[in-house]
Amino acid sequence: MKIKVAKFGGSSVADGIQLTKTKQIIEADPDRRYIVVSAPGKRFDGDSKITDLLYLCKTHAEHNLPYDQLFQVIADRFMAVQMNLDVDVDLHAHFDEIKANLGKGCTPDYIASRGEYLNAVLIAAFLAAFGSVFYSPAASTLMLDIIPHDDMVRGQSVFSGASSFVNMV
């Protein structure tokens, strides 16, 4: 069996409709064993990318400006996808952690990575029918690992610096 890595950009993972298409693409080829996801992108002209909204929250926090309503836009986007896909995952704890870190002056890299992180958590739950398990070691590249459990080589990473992936057990 070959190993294929598929990367889905922002517009491919922007909402429930696009994620359903992404799931069909993943299911269509059993050689697709690593899935890399981006933060949700624009859904339509005039929409905002999640990463841009996260950066804007950070800028507001740095200037002691309120960002709660702006952050709520981000949370609402993820919650809408969760409801559309009927996914059982608690995103509120993740939102609370991100907001707390914003208040403590998190780094730009941290805040930029949260869109991918949240999307990987959500997509892992969506792909749970495959037996997926979400992992988040500390680093920068997010991966969904759809290697059958028996084929996974423990302790090795295809990409150095993988920060979030799903092991399909």
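Predicted model: local features only at pLDDT ≥ 70, side-chain atom pairs only at ≥ 80, totals over all residues.
Local features need pLDDT of at least 70 and side-chain atom pairs 80 or more, while totals for chains, interfaces and linings use all residues. Residues are numbered from 1 along each chain as its sequence is written, and side-chain values use heavy atoms, leaving out hydrogens and water.

Q: Which side chain of opposite charge is nearest to Arg 114?
A: Arg 114 is buried yet has no salt bridge. Buried means under 20% relative accessible area (1.4 Å probe, protein chains only). A salt bridge needs a side-chain nitrogen of Lys or Arg within 4 Å of a carboxyl oxygen of Asp or Glu. At 5.7 Å, the nearest side chain of opposite charge is Glu 97.

Q: At what distance from the ring centre does Arg 114 lie over Tyr 117?
A: A charge sits over a ring if NZ of Lys or CZ of Arg is within 6 Å of the ring centre and within 35 degrees of the ring normal. Arg 114 lies over the face of Tyr 117, and the distance is 4.5 Å.

Q: What is the angle between the planes of Phe 71 and Phe 95?
A: The whole structure holds one aromatic pair (ring centres of Phe, Tyr or Trp, its six-membered ring, within 6.5 Å). Phe 71 and Phe 95 form this pair, 6.2 Å centre to centre. Planes over 60 degrees apart count as edge-to-face, under 30 as stacked and the rest as tilted. This pair is edge-to-face, at 85°.

Methods:
Buried < 20%, exposed > 50% of the residue type's maximum accessible area, 1.4 Å probe, protein only. Lys, Arg positive; Asp, Glu negative; His and termini not counted.
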